[in-house]
Amino acid sequence: MTLHDIKESELEKREAALHDITLSAGALALERYRARKPGDFTMKGQQDFLTEADALVEEHIRQAIHRLFPNDGLLGEEAGGSVSNPSLWVVDPIDGTANFARGIDHFCISIAFVHNGEILLGAIYNPATNEMYLARKGHYVRKNGQPLRVSSITNTHSSSFELGWSTRVPQEIYLTIVSSLLASGTNIRRGASGALALAWVAEGRTDGYAESHMNAWDCLAGLLMVREAGGRTGVYPQTHEEIAHGGAILAVAPGVAEQFSNDTMISLSTKTYNRKENQFGLTA
């Protein structure tokens, strides 16, 4: 038996399936991306884009998982789902939909497998650039088969930090966070895909990522990747019920972890938006 009483053989089956399902979902997303037309989207809310591809790709993933693992649960961004099953797949069919809709090659499929609140497997795939990130807890994180490691940077003055944005957070708080980050000397970027942002931290392309509220389907796979790559992350909701509501995100390279975790951004976000104290308490 392995973590939380899931058999090794059962986890390996899901590990293999995760790779294949993510690839096939990526192929479908890429087909729809290339066939899209200007204005081919609707809006779920402010800066919250929805395309036909979102639902199609999620249904493709949902059917594939149900066929192979009919007793597992699935929580998807578009169709929701139950979180009562101890074995849970958490799916974002297209993260970075605004980029997808505008023809920007920065979007991905993000899938995590969680058992009893523990993230065991993760996949993030950008089919437009053919970049496949895969992780298994305690074993590896790889991009296209090559092992990843977070950056070795130790000075925020030469760092690059990506900041997510959420309509759940008032603009004045976001602007305060931006000001605080700029004061730290870092370069701020925003790619509009939180899942890829976390994968980039794991890869060492950037040195940190934060968002005051992030849905589980956007971040679970990426959080696992950062940890397996030697980075540090904040405490994210762990029970399935908590996962369904999302939470605050911090993922950083260890050399600048304390500098960023002590930043005004972190303390302000924690006091204002998290029920639990020390939500950003860093773990290795």
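**View 1. The side chains of T233 and R227 in the predicted model.** In this predicted model, the side chains of T233 and R227 are joined by a polar contact of 2.9 Å. T233 sits in strand β13, which covers residues 232-233. The relative accessible area of T233 is 0%. Because buried means under 20% relative accessible area, T233 counts as buried.

**View 2. The largest nonpolar core.** This core contains 54 residues. Those with the most contacts inside the core include I124, Y133 and L198, as well as C219 and L220. M225 and I249 belong to that list too. Helix α6, residues 216-228, gives the core nine residues, the largest share.

**View 3. Surroundings of C219.** Leaving aside residues up to four places away in sequence, C219 touches L198, M214, Y236 and I249. Among these neighbours, L198 and I249 are, like C219, listed with the residues that have the most contacts inside the largest nonpolar core.

**View 4. The whole protein, for orientation.** The chain forms nine helices and 14 strands. Of its 284 residues, 55% are buried. The protein exposes about 12,400 Å², and carbon and sulfur atoms supply 48% of that area. Taking contacts between residues at least 6 apart in sequence, 66% join residues at least 24 apart.

Notes:
Residues are numbered from 1 along each chain as its sequence is written. This is a predicted model: local features need pLDDT of at least 70, side-chain atom pairs count only at pLDDT 80 or more; totals for chains, interfaces and linings use all residues. Side-chain values use heavy atoms; hydrogens and water are left out. Helices (H or I, at least four residues) and strands (E, at least two) are DSSP runs, numbered from the N terminus. Buried means under 20% relative accessible area, exposed over 50%, partly exposed in between (1.4 Å probe, protein chains only). Contact means heavy atoms within 4.5 Å. Accessible areas come from the Shrake-Rupley method with a 1.4 Å probe; for residues, only the protein chains shown count as cover. A nonpolar core is a set of buried Ala, Val, Leu, Ile, Met, Phe, Trp, Tyr and Cys residues joined through side-chain atoms within 4.5 Å. A polar contact is a pair of N or O atoms within 3.5 Å; within protein, one must be able to donate a hydrogen and the other to accept it, and residues adjacent in sequence count only if both atoms are side-chain atoms.
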